[in-house]
Amino acid sequence: MIPASSQVKRLPAVADQFYPADAIRLKKMLNDFLTQVDVDTSSAEKIKALIVPHAGYIYSAAIAASAYKLLSQNPDEYKQVILLGPSHRLSFKGLAISSADCYSMPFGDIKINNKLNKKINTLPQVVKRDDAHLQEHSLEVQLPFLQTLLKEFSLLPLVVGDCKADEVSEVLELLWDEPNTLFIISSDLSHYLPYQTAIEMDKNTALAIVEMQPEKINYEHACGRNPINGFLLSADKHSLRAQLLDLRNSGDTAGLHDRVVGYGAFVFTEQK
């Protein structure tokens with residue numbers, strides 16, 4: 001075990017920008033969002049993955065909460081979380097792993113699963129790039145939700161750069177049969193369109209996700225198209241069932257209607 005004093009920590013980059021840095025305020029905000037969600041948490045189907053948005057909490061957390069609340073039905077189920085999100089600040093090829101030992105968050109540290117890091121590090125599209133993780137918000141904003149709803153878990157954070165869907169899927173396939181594992185795909189949908197235009201585009205994107213048609217999802221449909229499309233290849237291969245939980249945009253939550261960002265929440269379950 002690495003002594004706590006010598007651990008390399010990935011520090012919060014967007015605390016007090018996308019979500020409160022104060023743990024008490026953050027906990028209240030998350031509880032408020034989760035309490036307002038009306039979803040059926042009694043299903044016996046096993047959740048394999050979620051697709052959730054990653055904007056500032058005032059804009060997208062209400063939508064993300066509709067997916068995360070489903071985890072409350074069995075919080076002991078998941079011991080490992082594999083989290084994929086797009087790179088917003090750095091252009092690179094492949095999927096970036098981190099050399100840090102943990103992600104440091106307001107609710108405490110989350111251990112990075114080095115065993116899973118090593119398992120996928122043999123693939124040529126997997127690169128170790130701490131600079132890709134340093135300021136990336138698409139992964140970070142998911143962690144307070146996970147810390148709220150799950151018991152103790154380890155994390156494999158993957159920042160996805162320029163890569164093909166089959167390259168992402170190849171990584172996921174190496175990890176698919178890991179026990180007690182949850183996949184989280186972080187992505188917003190359309191960006192900066194007029195309200196009604198965004199609604200129509202996001203409906204089509206949501207349909208493509210539910211029907212597992214990655215060929216219909218491109219740059220203008222979702223910033224996280226690369227991790228989404230790679231995941232959809234694997235989800236279809238393993239016969240997962242996809243369900244749309246919530247589909248809104250920033251005009252519905254905390255923004256104006258002239259230029260909105262779309263948000264969708266989806267759950268993928270293993271069929272009986």
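E270 is partly exposed, with a relative accessible area of 27%, and in this predicted model its side chain forms a salt bridge with K48, whose closest N and O atoms stand 4.0 Å apart from those of E270.

- E270 belongs to strand β12 (residues 260-270) and K48 to strand β2, so their pairing ties together parts that are 222 residues apart in sequence.
- In contrast to the partly exposed E270, K48 is buried, its relative accessible area being 4%.
- A salt bridge also joins the side chains of R241 and E45, with a distance of 2.8 Å from N to O.
- Because R241 lies in strand β11 (residues 240-249) and E45 in the loop between α1 (23-36) and β2 (46-52), this pair ties together parts that are 196 residues apart in sequence.
- R241 is partly exposed at a relative accessible area of 35%, whereas E45, with a value of 17%, is buried.

**Further salt bridges**

- The side chains of D246 and R248 meet in a salt bridge with an N to O distance of 2.8 Å.
- Of these two residues, D246 counts as buried at 14% relative accessibility, while R248 is partly exposed with a relative accessible area of 30%.

**The buried side of helix α7**

- Within helix α7, which spans residues 165-175, the residues V168, S169, V171, L172 and L175 are buried.
- These residues cover an arc of only 160° around the axis, which puts them on the same side of α7.

**The crossing of α7 and α9**

- The axis of α7 and that of helix α9 (residues 225-237) come within 7 Å of each other and cross at roughly 55°.
- At this angle α7 and α9 are therefore oblique to each other, and their crossing is right-handed.
- On the α7 side, the contact is made by A165, D166, V168, S169, L172 and E173, and among these V168, S169 and L172 also belong to the buried residues of the helix.
- On the α9 side, the contributing residues are N226, P227, N229, G230, F231, L233, S234 and K237.

Notes. Residues are numbered from 1 along each chain as its sequence is written. This is a predicted model: local features need pLDDT of at least 70, side-chain atom pairs count only at pLDDT 80 or more; totals for chains, interfaces and linings use all residues. Side-chain values use heavy atoms; hydrogens and water are left out. Buried means under 20% relative accessible area, exposed over 50%, partly exposed in between (1.4 Å probe, protein chains only). Helices (H or I, at least four residues) and strands (E, at least two) are DSSP runs, numbered from the N terminus. The arc is that of the directions from the helix axis to the C-beta atoms. Axes are lines fitted to C-alpha atoms, for helices over the stretch in contact, and angles run from 0 to 180 degrees between N-to-C directions. Angles under 35 degrees count as roughly parallel, over 145 as roughly antiparallel, 65 to 115 as roughly perpendicular and the rest as oblique. A crossing is left-handed if the near helix is turned anticlockwise from the far one by less than a right angle, and right-handed if clockwise. Contact means heavy atoms within 4.5 Å.
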